[in-house]
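Subject: Structure handover

Hello,

Here is the structure for you to look over. My notes on it follow below.

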Amino acid sequence: MTPLETKRALIQRMNAKDLAGTMELIADDAVYFWSNGSAMFGKAAIEEAMAANFVGIEDDTYDTHDLTWVAENDEIAACVFSFAWTGKMDGQPVSGRGRGATVLKRIDGAWRVVHEHLSQGRWKPR
């Protein structure tokens, strides 16, 4: 897979609530920062947080827009994007949106997410 295909697969697997498939695309030492202020260091912490979201948020969708690759070579790739999510918690509608950045690294021949940073706010394309 290319970095773009890996990013797309990550989103598809997250929307399918495929925890094992999602985690296959994340590096063991990855660092995630979420727009709610959560910080996760390492695959185990990321998996725990994602599992909680998969259970706690019903009928959810997550998508990215305006994907822009800011760096890409044979070993590393980085993109910025806008994101939006919707769902239900305790039967009540919830949603969020903001900006994000993802860094991928080729590890043992496959692209893996090593960092993702999501922040609140509106995306303002150039």
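Start with the contacts. Among those in the chain with a separation of 6 or more, 47% join residues 24 or more positions apart. Keep in mind that this is a predicted model.

Overall layout

The chain holds three helices and six strands. Their order along the sequence is α-α-β-β-α-β-β-β-β. The radius of gyration is 14 Å, which agrees with the value near 14 Å for a compact globule of 126 residues. Along the principal axes, the C-alpha atoms fill a box of roughly 45 × 35 × 25 Å. As for burial, 35% of the 126 residues count as buried. The accessible surface of the chain is about 7200 Å². Carbon and sulfur atoms hold 50% of that surface.

The largest pocket

The volume of the largest pocket is about 520 Å³. Its lining consists of 22 residues. Which of them lie nearest the centre? They are Trp34, Asn53, Ile57, Tyr62 and Trp85.

At least two lining residues come from each of α1 (3-15), α3 (43-56), β3 (58-72), β4 (76-89), β5 (92-107) and β6 (110-120). Strand β4 gives the most, with four residues. By class, the lining has eleven nonpolar residues, eight polar ones and three charged ones.

Threonine 22 sits in helix α2, which spans residues 19-24. Its relative accessibility is 0%, so threonine 22 counts as buried. Leaving out residues up to four places away in sequence, threonine 22 touches Leu10, Arg13, Met14, Met50 and Phe54.

Methionine 14 is one of those partners. Helix α1 is where methionine 14 is placed. Is methionine 14 buried or exposed? It counts as buried, because its relative accessibility is 13% and the cut-off for buried is under 20%. With residues up to four places away in sequence again left out, methionine 14 touches Thr22, Met50, Phe54 and Tyr62. For one distance, take methionine 14 and alanine 45: they are 31 residues apart along the chain, and their C-alpha atoms are separated by 16 Å.

Threonine 64 belongs to strand β3. At 14% relative accessibility, threonine 64 counts as buried too. Beyond residues up to four places away in sequence, threonine 64 touches Lys7, Ile11, Phe81, Ser82 and Phe83.

Two backbone angles to check

Most residues other than glycine have a negative phi. Two residues here are worth a look on that point.

Lysine 17 is not a glycine, yet its phi is positive, at about 55 degrees. Lysine 17 lies in the loop between α1 and α2. With a relative accessible area of 30%, lysine 17 is partly exposed.

Aspartate 66 also has a positive phi of about 55 degrees, and it is not a glycine either. Aspartate 66 is placed in strand β3. Its relative accessible area is 41%, so aspartate 66 is partly exposed.

That is the set.

Best wishes

Technical notes
Residues are numbered from 1 along each chain as its sequence is written. This is a predicted model: local features need pLDDT of at least 70, side-chain atom pairs count only at pLDDT 80 or more; totals for chains, interfaces and linings use all residues. Side-chain values use heavy atoms; hydrogens and water are left out. Buried means under 20% relative accessible area, exposed over 50%, partly exposed in between (1.4 Å probe, protein chains only). Contact means heavy atoms within 4.5 Å. On a 1 Å grid over the protein atoms alone, a cavity is a set of points where a 1.4 Å probe fits but cannot get out, and a pocket is an open set with protein on both sides within 12 Å along at least five of seven lines; lining residues have an atom within 4 Å of a point. Grid points are joined across faces, edges and corners, and a volume is the space filled by probe spheres set on the points. Ala, Val, Leu, Ile, Met, Phe, Trp, Tyr, Cys and Pro count as nonpolar, Asp, Glu, Lys and Arg as charged, and the others, Gly among them, as polar. The radius of gyration is taken over C-alpha atoms; the globule rule is 2.2 Å times the number of residues to the power 0.38. Accessible areas come from the Shrake-Rupley method with a 1.4 Å probe; for residues, only the protein chains shown count as cover.
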